[in-house]
Amino acid sequence: MIGKSVIWLIFASLLISAGNAVVRKTFDMSSNAWLEIQWYLYGAAFLLASAYALRKNEHIRVDILYGKLSRRGQHKVDLFGHVFFLMPFTATITAYLIPYVGLSYASGEVSNSAGGLILWPAKALLLAGFVLLMLQGISEIIKKAAILMNLMEDTEADGPEAAPAAGVAGEEGK
(Lines give C-alpha, C1' and ligand atoms only; values in the text may rest on other atoms or scores of the structure.)
Protein backbone atom coordinates (compact mmCIF):
# COMPACT_ATOMS: atom_id res chain seq x y z
CA MET A 1 0.00 0.00 0.00
CA ILE A 2 2.81 2.43 0.90
CA GLY A 3 4.82 1.52 -2.20
CA LYS A 4 1.90 2.14 -4.53
CA SER A 5 0.82 5.38 -2.86
CA VAL A 6 4.19 7.16 -3.03
CA ILE A 7 3.52 7.99 -6.68
CA TRP A 8 1.45 10.86 -5.29
CA LEU A 9 4.57 12.29 -3.66
CA ILE A 10 6.19 12.52 -7.08
CA PHE A 11 3.06 14.19 -8.43
CA ALA A 12 3.01 16.69 -5.55
CA SER A 13 6.70 17.40 -6.09
CA LEU A 14 6.03 18.01 -9.76
CA LEU A 15 3.19 20.44 -9.01
CA ILE A 16 5.25 22.33 -6.43
CA SER A 17 8.19 22.50 -8.83
CA ALA A 18 6.04 23.86 -11.66
CA GLY A 19 4.27 26.32 -9.35
CA ASN A 20 7.57 27.52 -7.93
CA ALA A 21 8.97 28.05 -11.44
CA VAL A 22 5.89 30.00 -12.54
CA VAL A 23 5.97 32.23 -9.44
CA ARG A 24 9.71 32.79 -9.81
CA LYS A 25 9.47 33.75 -13.50
CA THR A 26 6.18 35.70 -13.26
CA PHE A 27 6.62 37.56 -9.98
CA ASP A 28 10.40 37.35 -9.58
CA MET A 29 9.90 35.67 -6.18
CA SER A 30 11.39 32.47 -4.81
CA SER A 31 11.47 30.54 -1.58
CA ASN A 32 13.98 28.04 -0.25
CA ALA A 33 11.14 26.33 1.60
CA TRP A 34 9.45 25.43 -1.71
CA LEU A 35 12.71 24.06 -3.08
CA GLU A 36 13.30 22.02 0.06
CA ILE A 37 9.78 20.57 0.13
CA GLN A 38 10.39 19.31 -3.41
CA TRP A 39 13.51 17.51 -2.20
CA TYR A 40 11.64 16.11 0.80
CA LEU A 41 8.83 14.73 -1.36
CA TYR A 42 11.11 13.34 -4.04
CA GLY A 43 13.40 11.72 -1.47
CA ALA A 44 10.45 10.33 0.47
CA ALA A 45 9.07 8.71 -2.67
CA PHE A 46 12.29 6.80 -3.29
CA LEU A 47 12.89 5.93 0.35
CA LEU A 48 9.37 4.69 0.98
CA ALA A 49 9.21 2.80 -2.33
CA SER A 50 12.42 0.83 -1.75
CA ALA A 51 10.64 -1.89 0.24
CA TYR A 52 8.00 -2.15 -2.51
CA ALA A 53 10.76 -2.55 -5.12
CA LEU A 54 12.26 -5.37 -3.05
CA ARG A 55 8.86 -7.04 -2.71
CA LYS A 56 8.31 -6.90 -6.47
CA ASN A 57 11.92 -7.96 -7.18
CA GLU A 58 12.36 -4.76 -9.21
CA HIS A 59 15.52 -3.47 -7.57
CA ILE A 60 18.57 -2.89 -9.72
CA ARG A 61 21.03 -5.73 -10.03
CA VAL A 62 23.59 -6.95 -12.50
CA ASP A 63 22.10 -10.10 -14.00
CA ILE A 64 25.20 -11.47 -15.72
CA LEU A 65 25.24 -14.66 -13.65
CA TYR A 66 21.96 -14.44 -11.74
CA GLY A 67 19.85 -14.64 -14.90
CA LYS A 68 21.57 -17.87 -15.94
CA LEU A 69 20.80 -19.62 -12.65
CA SER A 70 17.83 -21.90 -12.14
CA ARG A 71 14.94 -20.37 -10.19
CA ARG A 72 16.04 -22.37 -7.14
CA GLY A 73 19.58 -21.00 -7.54
CA GLN A 74 18.20 -17.48 -7.75
CA HIS A 75 16.30 -18.02 -4.50
CA LYS A 76 19.52 -19.23 -2.83
CA VAL A 77 21.41 -16.15 -4.02
CA ASP A 78 18.56 -13.88 -2.87
CA LEU A 79 18.39 -15.56 0.52
CA PHE A 80 22.16 -15.28 0.99
CA GLY A 81 22.15 -11.62 -0.06
CA HIS A 82 19.20 -10.75 2.17
CA VAL A 83 20.65 -12.47 5.24
CA PHE A 84 24.29 -11.42 4.91
CA PHE A 85 24.05 -8.04 3.18
CA LEU A 86 20.59 -6.47 3.30
CA MET A 87 19.73 -7.23 6.93
CA PRO A 88 23.06 -6.16 8.50
CA PHE A 89 23.05 -3.01 6.36
CA THR A 90 19.47 -1.98 7.19
CA ALA A 91 19.89 -2.86 10.88
CA THR A 92 23.09 -0.80 11.13
CA ILE A 93 21.64 2.21 9.32
CA THR A 94 18.45 2.03 11.41
CA ALA A 95 20.47 1.86 14.64
CA TYR A 96 22.35 5.01 13.64
CA LEU A 97 19.28 6.83 12.36
CA ILE A 98 17.21 6.48 15.55
CA PRO A 99 19.39 8.82 17.66
CA TYR A 100 20.08 10.99 14.59
CA VAL A 101 16.36 11.63 14.09
CA GLY A 102 15.74 11.95 17.84
CA LEU A 103 18.43 14.60 18.25
CA SER A 104 17.16 16.53 15.24
CA TYR A 105 13.61 16.47 16.62
CA ALA A 106 14.65 17.40 20.17
CA SER A 107 16.77 20.32 19.01
CA GLY A 108 14.24 21.61 16.49
CA GLU A 109 16.95 21.52 13.81
CA VAL A 110 16.25 23.81 10.86
CA SER A 111 17.84 24.02 7.43
CA ASN A 112 20.79 26.40 7.06
CA SER A 113 19.08 28.00 4.06
CA ALA A 114 17.24 31.25 4.64
CA GLY A 115 13.55 30.42 4.94
CA GLY A 116 14.35 26.71 5.01
CA LEU A 117 12.28 24.00 6.63
CA ILE A 118 12.68 21.99 9.80
CA LEU A 119 14.85 18.93 9.14
CA TRP A 120 13.52 16.21 11.41
CA PRO A 121 10.63 15.21 9.09
CA ALA A 122 13.08 14.51 6.26
CA LYS A 123 15.32 12.56 8.62
CA ALA A 124 12.30 10.66 9.95
CA LEU A 125 11.39 9.68 6.39
CA LEU A 126 14.90 8.33 5.97
CA LEU A 127 14.41 6.23 9.09
CA ALA A 128 10.96 5.08 7.94
CA GLY A 129 12.34 4.03 4.56
CA PHE A 130 15.03 1.86 6.15
CA VAL A 131 12.62 0.34 8.68
CA LEU A 132 10.22 -0.59 5.86
CA LEU A 133 13.10 -2.03 3.83
CA MET A 134 14.23 -4.09 6.83
CA LEU A 135 10.71 -5.39 7.44
CA GLN A 136 10.33 -6.32 3.77
CA GLY A 137 13.75 -7.99 3.92
CA ILE A 138 12.54 -10.16 6.81
CA SER A 139 9.45 -11.05 4.79
CA GLU A 140 11.60 -11.95 1.77
CA ILE A 141 13.89 -14.14 3.90
CA ILE A 142 10.89 -16.04 5.25
CA LYS A 143 9.42 -16.41 1.76
CA LYS A 144 12.70 -17.54 0.14
CA ALA A 145 13.38 -20.04 2.94
CA ALA A 146 9.84 -21.44 2.65
CA ILE A 147 10.19 -21.85 -1.11
CA LEU A 148 13.58 -23.54 -0.77
CA MET A 149 12.18 -25.93 1.86
CA ASN A 150 9.19 -26.69 -0.42
CA LEU A 151 6.75 -25.27 2.12
CA MET A 152 5.47 -22.69 -0.33
CA GLU A 153 5.13 -22.52 -4.09
CA ASP A 154 7.06 -19.97 -6.11
CA THR A 155 4.24 -17.81 -7.43
CA GLU A 156 6.58 -15.46 -9.30
CA ALA A 157 8.40 -18.08 -11.35
CA ASP A 158 7.86 -18.58 -15.06
CA GLY A 159 8.22 -21.81 -16.98
CA PRO A 160 8.54 -25.38 -15.76
CA GLU A 161 10.02 -24.41 -12.39
CA ALA A 162 6.78 -22.61 -11.54
CA ALA A 163 5.14 -25.91 -10.68
CA PRO A 164 3.81 -26.05 -7.12
CA ALA A 165 6.05 -27.53 -4.48
CA ALA A 166 5.36 -31.06 -3.36
CA GLY A 167 3.08 -31.24 -0.36
CA VAL A 168 1.34 -27.91 -0.96
CA ALA A 169 -2.29 -28.16 0.14
CA GLY A 170 -4.51 -29.49 -2.64
CA GLU A 171 -1.58 -30.68 -4.77
CA GLU A 172 -0.91 -34.12 -3.19
CA GLY A 173 -3.18 -36.06 -5.53
CA LYS A 174 -1.86 -34.61 -8.77
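Phe-84 is exposed, at a relative accessible area of 52%, while Phe-80 is partly exposed at 46%; here buried means under 20% relative accessible area, exposed over 50% and partly exposed in between, with a 1.4 Å probe and protein chains only. Keep in mind that this is a predicted model, where local features need pLDDT of at least 70, side-chain atom pairs count only at pLDDT 80 or more, and totals for chains, interfaces and linings use all residues. Residues are numbered from 1 along each chain as its sequence is written, and side-chain values use heavy atoms, leaving out hydrogens and water.

Now for the rings. Rings of Phe, Tyr and Trp (its six-membered ring) pair if their centres lie within 6.5 Å, with planes under 30 degrees apart called stacked, over 60 edge-to-face and the rest tilted. That rule gives six aromatic pairs. In one of them, Trp-8 and Phe-11 have ring centres 5.8 Å apart and planes at 85 degrees, so they sit edge-to-face. Trp-8 is exposed at 59% relative accessibility, and Phe-11 is partly exposed at 41%. Phe-80 and Phe-84 pair up too, with centres 4.8 Å apart and planes at 40 degrees, so this pair is tilted. Together with Phe-85, Phe-80 and Phe-84 make one aromatic cluster.

What about Ser-111? At 14% relative accessibility, Ser-111 counts as buried. Leaving aside neighbours within four places in sequence, Ser-111 is in contact (heavy atoms within 4.5 Å) with Glu-36, Gly-116, Leu-117 and Leu-119. A polar atom of the Ser-111 side chain also lies 3.1 Å from the backbone nitrogen of Ser-113.

Notes
A polar contact is a pair of N or O atoms within 3.5 Å; within protein, one must be able to donate a hydrogen and the other to accept it, and residues adjacent in sequence count only if both atoms are side-chain atoms.
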